[in-house]
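Reader: I'd like to learn how to read a model like this one. Could you walk me through it?

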Amino acid sequence: MGDQINEHHSKDCNESLNTGNEKDQISKIYLLTEKMAQQLEKSRIMEYSQLLYKPWKVIGVNLLAGTARGVGIAIGFTFFAATIIYLLQALGALNLPIIGDYIADIVRIVQRQLQLS
């Protein structure tokens, strides 16, 4: 009879331990879910999902981004080309024997192209 009481008591203890473990696991899952929700809010996933339902807004945003990128490339290339032409003119002014004539030809060709455009 004493063995049955001990078995019954040990079952109750094991069940309470299992219940405690389950509560711990549930609280860990809750904390992980809470962290994931915060990270999703930080990543603005809701705004991206709303864009999927508004294709015209996506087109507008992409058009604006493409235009800005194109203008940036044009301005950057203009500065780059102007710098190269300036350097070539400076090298041409040095009257280096072979290189100077070659650079002068390149500068003349570029200037003609700029005048034609």
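Author: Let's start with helices: they are DSSP runs of H or I, at least four residues long, while strands are runs of E with at least two, and both are numbered from the N terminus. Here L88 is found in helix α3. Before going on, note that this is a predicted model, in which local features need pLDDT of at least 70, side-chain atom pairs count only at pLDDT 80 or more, and totals for chains, interfaces and linings use all residues. Residues are numbered from 1 along each chain as its sequence is written, and side-chain values use heavy atoms, with hydrogens and water left out.

Reader: How many helices and strands does the chain have?

Author: There are four helices and zero strands, so read from the N terminus the order is α-α-α-α.

Reader: What about confidence, and where in the chain is it lowest?

Author: pLDDT is the predictor's confidence in each residue, from 0 to 100. The chain has a mean pLDDT of 80, with 83% of its residues at 70 or more. Confidence is lowest in helix α1 (residues 2-42), where the mean is 72, and highest in α3, at 90. Where pLDDT is low, the predicted coordinates should not be read in detail.

Reader: Back to L88, then. Is L88 buried or exposed?

Author: The cut-offs first: buried means under 20% relative accessible area, exposed means over 50%, and partly exposed is in between (1.4 Å probe, protein chains only). L88 has a relative accessible area of 19%, so it is buried. Across the chain, buried residues make up 4% of the 117 residues.

Reader: Which residues does L88 touch, leaving aside its neighbours within four places in sequence?

Author: Contact means heavy atoms within 4.5 Å. By that rule, L88 is in contact with I103, I106 and V107, its neighbours within four places in sequence aside. For I103, 15 residues away from L88 along the chain, the C-alpha atoms are separated by 6.0 Å.

Reader: And salt bridges? How many does a search of the whole structure find?

Author: A salt bridge is a side-chain nitrogen of Lys or Arg within 4 Å of a carboxyl oxygen of Asp or Glu. The search finds one: D105 with R108, whose closest N and O atoms are 2.7 Å apart. Both sit in helix α4 (residues 97-116), three residues apart, about one turn of the helix. D105 is partly exposed because its relative accessible area is 37%, and R108 is partly exposed too, at 42%.

Reader: Last one: which residues make the nonpolar surface patch?

Author: Patches are made of residues with over 30% relative accessible area and no salt bridge; like charges are joined within 9 Å, and nonpolar side chains (Val, Leu, Ile, Met, Phe, Trp, Tyr) within 5 Å. Areas come from the Shrake-Rupley method with a 1.4 Å probe, and for residues only the protein chains shown count as cover. Here F77, F80, I84, Y86 and L87 make a patch of about 570 Å². Y86 is found in helix α3 (residues 55-93) and counts as exposed because its relative accessibility is 57%.
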